[in-house]
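Hi,

Here is the structure I said I'd pass along. Have a look at it first, and then read on for what turned up.

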Amino acid sequence: MPALNVDFTDEEMTQLREAAGREDKSLRSMAHDAVVAELRRRRVAVAAIRVAGISAGLNERLAEK
């Protein structure tokens, strides 16, 4: 399985450990979940922008009625 080494500052690592502990997760699982969640968030944001652009004309026509 591909892997990725990521460098953190001491403060960031402390925050990551604390967050993982609160969620009863390993550091690896916590980091993985955070990265995957961010990828999903970005996909949704891109889709929302696209849909807003496509539906702008329709929204204007509906507002006129």
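Start with helix 2, which has a kink of about 50°, centred on Ser55. The bend at a residue is the angle between axes fitted to the seven residues ending there and the seven starting there. Helices here are DSSP runs (H or I, at least four residues), numbered from the N terminus.

Before going further, a word on where this comes from: it's a predicted model, with local features needing pLDDT of at least 70 and side-chain atom pairs counting only at pLDDT 80 or more, while totals for chains, interfaces and linings use all residues. Residues are numbered from 1 along each chain as its sequence is written, and side-chain values use heavy atoms, leaving out hydrogens and water.

Back to helix 2: it covers residues 27-64, and its 38 residues should span 56 Å at 1.5 Å a residue, which agrees with the 53 Å between its end C-alpha atoms. (The expected span is 1.5 Å times one less than the number of residues.)

Next, the largest pocket, with a volume of about 530 Å³. Of its 15 lining residues, Leu4, Val6, Arg28, Ala31 and His32 are the closest to its centre. A pocket, on a 1 Å grid over the protein atoms alone, is an open set of points where a 1.4 Å probe fits, with protein on both sides within 12 Å along at least five of seven lines; lining residues have an atom within 4 Å of a point. The volume is the space filled by probe spheres set on the points, which are joined across faces, edges and corners. Helix 2 gives the largest share of the lining, six residues, and helix 1 (10-22) supplies at least two.

Now the salt bridges (a side-chain nitrogen of Lys or Arg within 4 Å of a carboxyl oxygen of Asp or Glu). The count comes to four. Glu38 pairs with Arg41, closest N and O atoms 2.7 Å apart, and also with Arg42, again at 2.7 Å, N to O. Arg41 sits about one helical turn from Glu38, because the two are three residues apart in helix 2. Arg42 is four residues from Glu38, also about one turn.

Lys25 and Asp33 meet at 2.5 Å, N to O, and together with Glu23 they are linked in a network of salt bridges.

How exposed is Arg42? Its relative accessibility is 51%, so it counts as exposed (buried is under 20%, exposed over 50%, partly exposed in between, with a 1.4 Å probe and protein chains only). Arg41, at 46%, is partly exposed.

Cheers
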